[in-house]
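Dear colleague,

Please find below the structure that I am handing over to you. My notes on what was found in it follow directly after.

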Amino acid sequence: VECFQHVKPGKGGAFVRATLKGVRSGKTVDRTFRAGENVDQAILTRRQLQYLYREGEQLVFMDTEHFEQTYVSREAIGDAVLWFVEGDTIELVFHESEVVGVNLPASVDLEVTETEPGIQGDRVSGATKPATLETGAVVQVPLFINPGESVKVDTRTGEYSSRA
């Protein structure tokens with residue numbers, strides 16, 4: 001349930017308007033339920049797993065408690081793969097045994113692998129340039145950022161926040 005609203009009209013019985021989100025597809029749908037109507041709820045579990053490596057289109061994670069390896073398709077992770085590197089601990093959201101989502105921290109520190117070098121005295125306020133990070137993500141950074149430096153990136157927007 002994304003959000004809901006209980007409605008009690010002057011005439012007739014009460015009902016609930018709800019916006020539901022599918023755990024597999026991620027699509028949202030608006031539904032109206034009459035009082036007393038039952039709905040099956042998807043049970044989601046969250047587990048902290050360490051990202052090990054990529055094998056083709058599969059990402060390999062390890063449970064640090066039991067040392068079990070879990071293979072997750074890149075499609076299930078989506079663009080979240082741009083914000084973590086090998087060795088990071090990531091919270092995956094499971095429905096039964098299937099990964100349906102990823103909970104990332106609000107910001108991550110990543111190294112800049114490629115960008116134009118900063119030029120001495122080039123300090124135009126607000127000017128940016130593209131930079132490729134160690135994960136392959138491309139973000140706009142200020143002109144003074146050089147290759148090899150670490151930057152803090154907001155995972156919700158994909159924007160540069162500050163030097164790390």
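**Findings**

Asp63 is placed in the loop between strand 5 and strand 6; helices (H or I, at least four residues) and strands (E, at least two) are DSSP runs, numbered from the N terminus. Please note that this is a predicted model, in which local features need pLDDT of at least 70 and side-chain atom pairs count only at pLDDT 80 or more, while totals for chains, interfaces and linings use all residues. Residues are numbered from 1 along each chain as its sequence is written, and side-chain values use heavy atoms, with hydrogens and water left out.

With a relative accessible area of 9%, Asp63 is buried; here buried means under 20% relative accessible area, exposed over 50%, and partly exposed in between (1.4 Å probe, protein chains only). Residues up to four places away in sequence not being counted, Asp63 touches Arg47, Leu49 and Glu68, where contact means heavy atoms within 4.5 Å.

Two of these partners can be followed further. The charged end of Arg47 sits over the ring of Phe94, at 4.8 Å from its centre; the criterion is that NZ of Lys or CZ of Arg is within 6 Å of the ring centre and within 35 degrees of the ring normal. Leu49, for its part, stands opposite Ile90 in strand 7.

In which order do the 5 strands of the open sheet lie? The order is 6-5-4-7-8, and the pairing is antiparallel; two strands pair if DSSP finds at least two bridges between them. Strand 6 (69-73) and strand 8 (98-103) are the edge strands, each pairing on one side only. On average, neighbouring strands of this sheet are turned by 50° against each other, direction ignored. For such angles, axes are lines fitted to C-alpha atoms, for helices over the stretch in contact, and angles run from 0 to 180 degrees between N-to-C directions.

Within the sheet, strand 4 and strand 7 pair in the antiparallel sense over 7 bridges. Strand 4 also pairs with strand 5, again in the antiparallel sense, over 5 bridges. Arg54 has Leu59 in strand 5 as its bridge partner. The hairpin of strand 4 and strand 5 has 2 residues between the strands, and Gly56 takes a positive phi near 65° there.

**Aromatic pairs**

The structure holds 3 aromatic pairs. Rings of Phe, Tyr and Trp (its six-membered ring) pair if their centres lie within 6.5 Å; planes under 30 degrees apart count as stacked, over 60 as edge-to-face and the rest as tilted. Why is the pair of Tyr51 and Phe61 tilted? The ring centres of Tyr51 and Phe61 are 5.4 Å apart and their planes stand at 45°, so the pair is tilted. Because Tyr51 lies in strand 4 (residues 44-55) and Phe61 in strand 5 (residues 58-62), this pair ties together parts that are 10 residues apart in sequence. Both Tyr51 and Phe61 are buried.

Tyr51 forms an edge-to-face aromatic pair with Phe84 as well, with 5.1 Å centre to centre and 80° between the planes. This pair links distant parts of the chain, 33 residues apart: Tyr51 is in strand 4, and Phe84 is in the loop between helix 1 (74-77) and strand 7 (89-95). The relative accessible area of Tyr51 is 7%, and Phe84 counts as buried at 3% relative accessibility. Together, Tyr51, Phe61 and Phe84 form one aromatic cluster.

**Backbone with positive phi**

Most residues other than glycine have a negative phi. Phe67, although not a glycine, has a positive phi of about 60°. Phe67 lies in the loop between strand 5 and strand 6 and is exposed, with a relative accessible area of 58%. Glu96 likewise is not a glycine and has a positive phi of about 60°. Glu96 is found in the loop between strand 7 and strand 8 and counts as exposed at 64% relative accessibility.

Glu111 lies in strand 9 (residues 107-115) and counts as partly exposed at 34% relative accessibility. Neighbours within four places in sequence left aside, the contacts of Glu111 include Thr132, Leu133 and Ser150.

Strand 12 (residues 150-154) and strand 13 (residues 159-163) run antiparallel and are joined by 4 bridges. Asp154 has Glu159 in strand 13 as its bridge partner. Strand 12 and strand 13 form a hairpin with 4 residues between them, and Gly158 in the turn has a positive phi of about 75°.

With kind regards
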